[in-house]
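I opened a notebook page for this structure.

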Amino acid sequence: MKFETLAIHAGQEPDPNNGAVMTPVYLTSTYKQDGVGKPRQGYEYSRTMNPTRKALQDCLAALEGGNFGLAFASGLAATDTILRLLNAGDHVLAGNDVYGGTFRLFDKVLRRFSLDFTFADTTDPESVAEALTPSTRLVWLETPTNPFLRITDIRAVAEVVHAHKNNPLLVVDNTFATPYLQRPLELGADIVVHSMTKYLGGHSDVVGGAVIVQDKDLADRLYFLQNAVGAVIGPMDSFLVLRGIKTLPLRMDRHFENASAIVEFLSNHPKIERLIYPFHESHPQYKIARQQMKNGGGMISFIMKGGRDAAIKVVENTEIFTLAESLGGVESLIEVPAAMTHLSVAGSQLEVDPGLVRLSVGVEHKEDLIEDLKQALEKA
Ligand code: P1T
């Protein structure tokens, strides 16, 4: 089946008890057993598995072209669970441009458990090769990155990573692209991770995370950790994400159409120093982006000539673009990452330009969005 059909049907069957077309929200923590150690249909306890969550997990696996999906309470809960595959002393090589919260988890929390992290430019496969150490067990990257929208050639990096003697796990955070635009498992990644809070949910009404893999052993280790650690998503939130996913292809096409019109408007704007968009010819990895992604997505970044003060002026003066953290919803959002989502990277190697403004372009009418940016830029 094609992506659009899977988005609506994968993992979801009309309810066998009564024909309900939408997956029921199974608000139950436990299940009646037919005898000691004889659970019905494998359900024992909802941390371990819940039917609404299972439908979501199966849908996620289908969309990413994987065999196994796991859903978590947040993107960071998913990330944390993946890192628990490792042992003290292991080395993780991560991209040098990642979500601030991912950096904070690695640098401020997991280092205390004797995991070793270094950050490198994953847009260059040679820098990845140079940064691998004899202890590297996992390589973590985002593409496009948050917030610089840098693009890593997943296939090229997968080759470098898998040539290492430890065969480290290659993890790709696919939050910005979504499986509609890019499928990392098909390009050689071992694990795909998502913040479902973003495009998968799509309506800024739910927090969740996802992990998708192909390999059965890896899936079993992750299912063990999901149950043992317990950072699972609840049934109501699973339902909301399932509902959001049904319109993912429609939304992503409109996000792209609107973003393209805005990119056109912003390019050569006198107050903008640099415009960053993966499907704009000025983007340093434009060619790879076009090969690897179906479209350029809904995220745009730009650096203001007037630096921090000008950036703050713009974001405080939009009327349709809401000043807020997060991204990927139907409504347009605007923010200054250095002062908001990426505050935790301040003073580190990952420091974000204080004049950078990040747009999450929604699905409103593009002319209204352009008018809004026009008047806000005039005030900056
Ligand atoms: O917020 P949570 O669902 O825990 O997901 C964390 C996360 C992981 N990966 C990427 C690429 C992300 O962008 C995020 C969350 N990002 C924001 C909240 C933000 O505004 O950038």
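I sorted the shell around the ligand by residue type and got four nonpolar, nine polar and five charged residues. I note here that the model is predicted.

Next I asked how many residues surround the ligand. I found 18, and the closest are Asp173, Ser195, Thr197, Ser326 and Arg358.

I then looked up single atom pairs. For threonine 197, I read 2.7 Å between an N or O atom of the side chain and an oxygen atom of the ligand. For lysine 198, I noted 3.5 Å between an N or O atom in the side chain and a nitrogen atom of the ligand.

I also looked up the cover. On its own the ligand has 480 Å² of accessible area, and the protein covers 92% of it. As for the place, I found the ligand in the second largest pocket.

Then I turned to the chain. I wrote down two entries for its division: domain 1 (3-245) and domain 2 (248-378). Their centres, taken over C-alpha atoms, are 26 Å apart. In the contact between them I counted 44 residues from domain 1 and 42 residues from domain 2.

Last, I asked which domains supply the shell around the ligand. Domain 1 and domain 2 each give at least three residues to the shell.

Conventions
Residues are numbered from 1 along each chain as its sequence is written. This is a predicted model: local features need pLDDT of at least 70, side-chain atom pairs count only at pLDDT 80 or more; totals for chains, interfaces and linings use all residues. Side-chain values use heavy atoms; hydrogens and water are left out. A residue is near a molecule or strand if one of its heavy atoms lies within 4 Å of it. A polar contact is a pair of N or O atoms within 3.5 Å; within protein, one must be able to donate a hydrogen and the other to accept it, and residues adjacent in sequence count only if both atoms are side-chain atoms. Accessible areas come from the Shrake-Rupley method with a 1.4 Å probe; for residues, only the protein chains shown count as cover. On a 1 Å grid over the protein atoms alone, a cavity is a set of points where a 1.4 Å probe fits but cannot get out, and a pocket is an open set with protein on both sides within 12 Å along at least five of seven lines; lining residues have an atom within 4 Å of a point. A molecule sits in a cavity or pocket if more than half of its atoms lie within 2 Å of its grid points. Ala, Val, Leu, Ile, Met, Phe, Trp, Tyr, Cys and Pro count as nonpolar, Asp, Glu, Lys and Arg as charged, and the others, Gly among them, as polar. Domain bounds come from an automatic or database domain assignment. Contact means heavy atoms within 4.5 Å.
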